[in-house]
Amino acid sequence: MFLKQYYLGCLAHASYLIGDEASGVAVVVDPRRDALGYQEEAAKHGLRIEHVVLTHFHADFVAGHLELRDALGAQIHLGARGEAQYAVTPAHDGDELVLGRHVKLRFWETPGHTPEGITALVFDRQVSEDVPHAALTGDTLFIGDVGRPDLVASQGSSAEELAGMLYDSLHDKLLTLPDETLVYPAHGAGSLCGRNLSTDTVSTIGAQRAFNYALAPMSREEFIHMATADLPPAPAYFGYDALLNRTERPTSIRQTVITRLGLDALLREVNDGAQLLDVRDPVDFSAAHIDRAINVGLGGAFAQWAGAVLDPARPIALVVYPGGEQEAVTRLARVGFDRVVGFLNSGMQSLEPRPDLVAHTERIAAANLAEALEREKPFVLDVRNPAEFDAGHVPGAVNIPLPTLTARMDEVPADKPIAVYCASGYRSSVGASLLLAAEREVKELQGGYAAWGAQHLPQE
C-alpha cells in the first residue's frame, strides 16, 4: 500500500494520496487546488489517480477535486448528505471503494463539523481485512481537538444540533476503532476549523482517546456546551470558499505570465477599485510602503489572513519581493482569490521618484507603550482571538479579533492615537495596515504581547 500525507503549512491543511501498487489505482483525499504535485507523485510510483474524495465541503480553502476530475477524469466521492452542482458518487455509511487486491477504503458518515462529513477508513488488506490501518477523519477529529460545529450552522442546522451529531460520530463510530489505528486529519495547528489543534499531523486512536480534551468522559449535553462555547470568529471568506467547493467552477488557475505593472498602471488599477496587497515582511512594510496598502506577509499564514481581510469580489494588485509574484498568486488561488491584475514591477524601488506616496507604520517598544498608557491614554487594540485575550492582555485593551476588524472599524476612535498588538507582530501588522487605510493614527507594539510579557509589564 502507498499512503502519503501532504501538509501545507500556510493553510495548516493535510491531504493524502493512497494507492494500490498492484493494480496502480490511486485516490486523493481532500486535495488542494494546485493539484499538479499529486499527479507527479502518482506517476513516480506507477499509480493512476482515478478517484478523489472530499471528506466535506471545506470552508478554509478551495479544494482541487474539480482540477483532478478535469485533468485525469477522476471520479469524485462525497458524503451522501452533500449536494453539489457537479456529478459525484455519494458515500453512504459502510460503502467501500476498492482500489485493487491490497487496498480499500470504507466510508463512515461522521457529521458534526458539517452535515455531509465522512471519514475514510483505509485497509491494507495484506495486513488485515478487518482492522483499518488508518482513519482519514477530515474535520471530524483532529489531533488534540475536534471540528467546530458552528461554521455552517446558518445552512439549516444550529451549532448545537451539529455539536450533538459530532458527539455521536465520535463516540458511536471513531472511538470504536482499535487503539492502533492511525488518525490522519485534514488540518493541524493554526487552522480555524478547530480551536486548539496540535502541531502533530498524525496520531493514533489510542493516543487521542487518552489525551484529546474533547474525548474526555462527558455527557452529550456537556460536550455540546463545550463544543459551542468561546469559539473564535470565522473569517468572512469561509462562506465564500464553502460555496465554491459546492459549485461547478473554472479550474484553470495556473497563470504562466503575471502582468507586470508600472507604478502609474498600478495606481490606475487601485483607483479603479483594486485592493493593494503588500506581501512583504511586516518589518519591511512598516519601514516603507505605498499609502493605504494592506500588509499580509507571505512568511506567515498568508492565505488564511489574506482571505480574512480582502474582498473576493474585488481585483488585487500586488507588491512583492522580486520573484515572489507566482507564490503569492498561487497561495491566493488556494482560497479562491483569483482576480490578481498584476504586480508592481521593480517593487518599492518604483517609488523613488514619488516619495509622496510612501507611508510607514510607527512601531513602539513595550516599555514606551507602558509609559504612554500613563500619559497619553491611547486606545489599545488587541486583534487576537477572544481566548487569547481572556488569558491575559495589556491593561485597558479592547479586543476586536482581526477577522472582524474591518466590519467593526467604527468601534475604533478616529480622534485619538491607536496602539495595536497581537501575539508576536504578524496579525498586528495586518491590523495596523487596515487602520492606516481607514485614516487612524496608529502605532504597532513591537514584538506583540510576547514582548510585553517579557518586560514583566502589568497584565489583565
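Me: In which loop is N212 found?
Reply: N212 is found in the loop between helix 4 (205–211) and helix 5; helices (H or I, at least four residues) and strands (E, at least two) are DSSP runs, numbered from the N terminus. This is a predicted model, in which local features need pLDDT of at least 70 and side-chain atom pairs count only at pLDDT 80 or more, while totals for chains, interfaces and linings use all residues. Residues are numbered from 1 along each chain as its sequence is written, and side-chain values use heavy atoms, with hydrogens and water left out.

Me: Why is N212 called buried?
Reply: The relative accessible area of N212 is 2%. Buried means under 20% relative accessible area, exposed over 50%, and partly exposed in between (1.4 Å probe, protein chains only). N212 is therefore buried.

Me: What does N212 touch, not counting residues up to four places away in sequence?
Reply: N212 touches L141, F142, G144, D145 and A207, where contact means heavy atoms within 4.5 Å.

Me: What makes the reach of helix 3 close to the expected one?
Reply: Helix 3 (residues 159–172) has 14 residues. The expected span of a helix is 1.5 Å times one less than its number of residues. For helix 3 the expected value is 20 Å, and the reach from the first C-alpha to the last is 20 Å.

Me: Which residues of helix 3 are buried, and against what do they pack?
Reply: The buried residues of helix 3 are A159, L162, A163, G164, L166, Y167, S169 and L170. They pack against strand 11 (141–142), strand 12 (145–146) and helix 5 (220–228). An α-helix has 3.6 residues a turn, so residues three or four places apart point the same way.

Me: Why is P178 called partly exposed?
Reply: P178 is found in the loop between helix 3 and strand 13 (182–185). Its relative accessible area is 27%, so P178 counts as partly exposed. Leaving aside neighbours within four places in sequence, P178 is in contact with V131, P132, I205 and R209.

Me: Why is helix 13 called largely enclosed by the rest of the structure?
Reply: Ten of the twelve residues of helix 13 are buried, so helix 13 is largely enclosed. Among the buried residues are Y426, R427, V430 and L434. Helix 13 (residues 426–437) reaches 17 Å from its first C-alpha to its last, close to the 16 Å expected. Just after helix 13, E439 takes a positive phi of about 65°.

Me: Why are R292 and K377 called partly exposed?
Reply: The relative accessible area is 42% for R292, so R292 is partly exposed. The value for K377 is 48%, and K377 is therefore partly exposed.

Me: How do you know that the radius of gyration agrees with that of a compact globule?
Reply: The radius of gyration is taken over C-alpha atoms, and the globule rule is 2.2 Å times the number of residues to the power 0.38. With 460 residues the rule gives a value near 23 Å; the protein chain has 24 Å, which agrees. Of the 460 residues, 56% count as buried. There are 14 helices and 26 strands in the protein chain.
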